Amino acid sequence: MSSDCFGSDGALTGYDKWRQSRWEEIAGPEGKASLIAHRPITEPGQEVPEVPGRWTSTGFSGSLTLTAARAEDVSVDGHAVDGTVELTSASRLSFPGGRRGTIEELRGAHALAVWDPAAPTLVGLREIEAWPWDPAWTVEAEYRPADAGRLLEVTRLTSPSMRDTFPAPGDFVFDLQGERHTLRAFDVGSDTLLITFTDDTSGTDTPGMGRWLILPRPRPRHTTDTARIDFNRALIPHHVFSAAFPCPLPPRENHLPLRIEAGERAPVFEKEAAPGTTTGPAV
């Protein structure tokens, strides 16, 4: 963990702020726990069970349209829909009951993400359990760029599951508990790398589908590229909060044969709040 995590009184102020921002990301008014569906639009006049309207896509490079009657109470960018309107990734949709929609482009197709402020996974979420911060879980790693264009195939948690490929531009190599380890990283855009990994807590203390580390892409230097990996900031995947997220499973190369007792462990829901019952492609 970087030095900005310590206040003048020695408190872990930076880590505490990160934990608060993480809570807002998941459980805030527009948190990820409110996602109830993510539906690819693949057919003309397609209906989406969670919201009114008929949806038509002509492919990734084509257009996406929504058709609805005024009585269905659908709006786009604050304007009521009564007929057919064309949508873009910047469009913001509103539906009855306070539900909202966003448009995404995924693997050559448009998709509609539906968010609900009354989703049980949001209103029933009470806590994200985590181990106490421990500096022993912060390591210096060497970043080794891979050959240009390297791709890794992974499984996504959809119903049924699907295979997908991600750019994998480099590996992080580090020593931990007397052993050398390597983790492969995926490029997720905006100079950000994602590491999905499992360890010996996976499936017992932490989700069986593993956890995530999100790191900035190291900047090229004349000397060896290095990065700091802080397992105190290991995340549980979004799929754990909402099954509408088909998160990628870690590649088999990214298993660490030790217990990483650091970072997030599990969400805590009210007993009556099931952790997500909808399925469908999402990121």
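The protein has 2 helices and 20 strands, where helices (H or I, at least four residues) and strands (E, at least two) are DSSP runs numbered from the N terminus. This is a predicted model, so to speak: local features need pLDDT of at least 70, side-chain atom pairs count only at pLDDT 80 or more, and totals for chains, interfaces and linings use all residues. Residues are numbered from 1 along each chain as its sequence is written, and side-chain values use heavy atoms, with hydrogens and water left out.

Of the 283 residues, 46% are buried, that is, under 20% relative accessible area with a 1.4 Å probe, protein chains only. Take contacts (heavy atoms within 4.5 Å) between residues at least 6 apart in sequence: 59% of them join residues at least 24 apart.

Ala113 gives a close-up view. Ala113 sits in strand S10, residues 109-115, and counts as buried because its relative accessibility is 0%. Leaving aside residues up to four places away in sequence, Ala113 touches Leu35, Ala37, His38, Arg100, Gly101, Thr102 and Glu104. Phe245 is 132 residues away from Ala113 in sequence, yet their C-alpha atoms are 9.9 Å apart.

Now for a sheet. Six strands make an open, antiparallel sheet in the order S18-S17-S16-S15-S12-S19; two strands pair if DSSP finds at least two bridges between them. Strands S18 (211-216) and S19 (226-230) stand at the edges with a single partner each, so one side of each has no neighbour in the sheet. Within this sheet, S16 (residues 179-187) and S17 (residues 192-197) pair in the antiparallel sense over 2 bridges, and Phe186 stands opposite Leu194 in S17.

Key: Buried means under 20% relative accessible area, exposed over 50%, partly exposed in between (1.4 Å probe, protein chains only).
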